[in-house]
Amino acid sequence: MADTQQVDARAERKVSRLAHRISAFAKAHGSAEGQVAHIGERGARIVLVGEDGGWGDLVAPSTEIARQAVEKAGITVHESFDGEFAAKVQTGPYEWKRMAGIQVGG
């Protein structure tokens, strides 16, 4: 029984830390929306897009923890990263250079 409580407490701390980081991102970017995607054994990726077009991501140890974190942070969550949501992302010179570098082997 003690092991279950320890795991639950650890998961709750992770949810709280992720929610805090999501809230900080939202505050820094005017607000935020997100999307949670399962990435295999690694867990889940939380993609965040701010009102100003800024974006970032976080990795959670599980999809459940990621969903709890976005819920606790109180942001809008999208089922997929397409359409109007994806169009809100503003990319700059850094991203374009990195994407081009990947295409030419850089």
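Leaving aside neighbours within four places in sequence, Glu33 is in contact (heavy atoms within 4.5 Å) with Val47, Leu48, Val49, Ile75, Thr76, His78, Phe85 and Lys88. The model is a predicted one, in which local features need pLDDT of at least 70 and side-chain atom pairs count only at pLDDT 80 or more, whereas totals for chains, interfaces and linings use all residues. Residues are numbered from 1 along each chain as its sequence is written, and side-chain values use heavy atoms, with hydrogens and water left out.

Glu33 lies in strand β1, strands (E, at least two residues) and helices (H or I, at least four) being DSSP runs numbered from the N terminus. With a relative accessible area of 14%, Glu33 is buried, that is, under 20% relative accessible area with a 1.4 Å probe and protein chains only. Its side chain forms a polar contact of 2.4 Å with the side chain of His78 and another, also of 2.4 Å, with that of Lys88; a polar contact is a pair of N or O atoms within 3.5 Å, of which, within protein, one must be able to donate a hydrogen and the other to accept it, and residues adjacent in sequence count only if both atoms are side-chain atoms.

Beyond four places in sequence, Ile22 is in contact with residues including Ile46, Leu48, Ala69 and Ile75.

How values were computed. Buried means under 20% relative accessible area, exposed over 50%, partly exposed in between (1.4 Å probe, protein chains only).
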